[in-house]
Amino acid sequence: MPDLGTYLQLAADRIADWQAEFGPYRPHPSLDVTAEDMKAATDRLHERLRDNYPFFHPRYIGQMLKPPHPAAVVGYVSAMLINPNNHALDGGPATAQMEKEVVAELAAMFGLDPHVGHLTSSGTIANLEALFVARETHPGKAIAYSTDAHYTHGRMGHVLGVEMVAVPTTADGTMDLDALETELRTGRIGTVVATTGTTGLGAVDPVHEIVALGRRYGVRIHVDAAYGGFFRLIADDTPDGVAAAPFVAIGDCDSVVIDPHKHGLQPYGCGAVLFRDPAVVRHYRHDSPYTYFTSDDLHLGEISLECSRAGAAAAALWLTLRLLPLTPDGLGAALRPGRRAALAWAGLIAASEELTVYQPPQLDILTYFPALGSLSRIDAASARVLDRGMRLPPDEAVFVATYTADAAGIAARGHRPEADVPQARILRSVLMKPEIEDQVPDLHERIRALLA
């Protein structure tokens, strides 16, 4: 791996050279700080930042968190020194063009041709924009999403003033198609949200079947692929890949959201929303007396609900994709280890006496629980593993997360502990860092030890 410090220094030098081309000027004294003050404040910052969990380490398997790739850091810092705003082409000509290029690459990955889209500050905002277009396309119609979809969908429906209909899930956490069709028959649904990678269980809705249903009833299909979208690169039905059909079907959907700040190795915040029909830009049209004047080309702010957006995010993603392209052998090679890790660990758990797999992993999220006789004991033991693991010395600590499962969900998956309480916390591990694959046997033993 190239030395990050070398390339950060190169970034500072190259941007300084570019700035010098415009001639010298005197910085205003109100912005002056002494070297001593700068060092003291920076030392305090670095000390404060120690109060973090080690998101970089393979023993951190708690949440969907990991540092960006060094290429993304260099790309972000390089552009941040200029601080372009990708709202209008004159706010960041170079990074606006980079944004168009990376969005086209994302669209090609999903098979969206033609397309229109842009980067956003988060997956939440990207989904908000997709649901905004859904509302404008089918005014007065409700939006259906699964009960395991991201909790912000319901909240965004409230913001948009749209009725949101929660569709039950089956025993593997995916949308119940019979329940969906029951709702579609009423005629009140205008859009269905399918999820390829729920943030709780990593469940992948059967997008291909939802598309078929949606077309029969004349509704839009939006895919929330914020977490799992990049698995399209390894959706090949191979032993260390994932099921192809749901991901291939994304190309037949009306819109899709993906978060490069997850498996795309980017810093926060970098989301993206893509539409299959470029005509949806009509819903964004607006005027401004002081922007959009430098070019007759479409400005990114004319197809976005957000105004100011960091051009640095586009530069970071652009540089990363030059080195790790959106191919099975490029970025896809960084996803397979996490998938293999989830499958391998599920096998170890299935062969153990202390733990039980909650449901087979569909991506790289693994859910499991202590093999105890009642939900109350499972809940207490899971909480102890979480707490004990993070309290160990740094070179021994292991960081997991928990997931709240209700008694019905546990029973639906064939587990039979006594339901002495309505729900229980179980263990949940996100295995999204490729380095985790080699650590699976050690992680398994650490969890067993924490249960002892």
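Predicted model: local features only at pLDDT ≥ 70, side-chain atom pairs only at ≥ 80, totals over all residues.

Asp237 sits in the loop between β5 (220–225) and α9. Check its backbone: phi is near 60°, a positive value in a residue other than glycine.

Move along to Ala245, in helix α9 (residues 244–248). With a relative accessible area of 38%, Ala245 is partly exposed. Draw a distance from Ala245 to Ala235. The two are 10 residues apart along the chain, and their C-alpha atoms are separated by 7.8 Å.

Now go to Asn83. This residue also has a positive phi without being glycine, near 65°. Look for Asn83 in the loop between α3 (70–80) and α4. Is Asn83 buried or exposed? At 59% relative accessibility, Asn83 counts as exposed.

**Two cis peptide bonds**

Select Asp113 and Pro114. A cis peptide bond joins them, with omega about 5°. Pro114 belongs to the loop between α4 and β1 (116–120).

Next, select Tyr268 and Gly269. The peptide bond from Tyr268 to Gly269 is cis too, with omega near -10°. Gly269 is in the loop between β6 (255–258) and β7 (271–275).

**Into the cores**

Nonpolar side chains tend to be buried together in soluble globular proteins. Here, the largest nonpolar core has 57 residues. Which of them touch the most other members? Leu180 and Val192 do. Color helix α4 (residues 93–110) as well: the largest share of this core, six residues, comes from that helix.

Center on Leu180 and show its neighbors. Leaving out residues up to four places away in sequence, Leu180 touches Ala144, Val167, Met175, Val192, Ile210 and Leu213.

A second, separate core holds 27 residues. Select four of its members: Ala134, Tyr145, Val257 and Val280.

Thr137 lies in helix α5 (residues 123–137). At 27% relative accessibility, Thr137 counts as partly exposed. Beyond residues up to four places away in sequence, Thr137 touches Arg220 and His283.

Then jump to Ser382, in helix α12 (residues 375–391). Its relative accessibility is 0%, so Ser382 counts as buried. What does Ser382 touch, not counting residues up to four places away in sequence? The list is Pro370, Thr402, Arg425, Ile426 and Leu427.

**Zoom out**

Clear the selection and show the cartoon. The secondary structure comes to 14 helices and 11 strands. Along its principal axes, the C-alpha trace spans about 75 × 60 × 40 Å. A compact globule of 452 residues would have a radius of gyration near 22 Å; this protein has 24 Å, which agrees.

Of the 452 residues, 51% count as buried. Among contacts between residues at least 6 apart in sequence, 72% join residues at least 24 apart.

Finish with the surface view. The accessible surface comes to about 20,800 Å², and 55% of this belongs to carbon and sulfur atoms. For charge, there are 38 positive and 55 negative charges, and their mean positions are 4 Å apart.

Key: Residues numbered from 1 in each chain as written. Heavy atoms only, no water. Helix = DSSP H or I, 4+ residues; strand = E, 2+ residues; numbered from the N terminus. Rg over C-alpha atoms; globule rule 2.2 N^0.38 Å. Buried < 20%, exposed > 50% of the residue type's maximum accessible area, 1.4 Å probe, protein only. Contact = heavy atoms within 4.5 Å. Areas by Shrake-Rupley, 256 points an atom, 1.4 Å probe, with all protein chains shown as cover. Lys, Arg positive; Asp, Glu negative; His and termini not counted. Charge placed at Lys NZ, Arg CZ, Asp CG, Glu CD. Core = buried A, V, L, I, M, F, W, Y, C linked by side-chain atoms within 4.5 Å.
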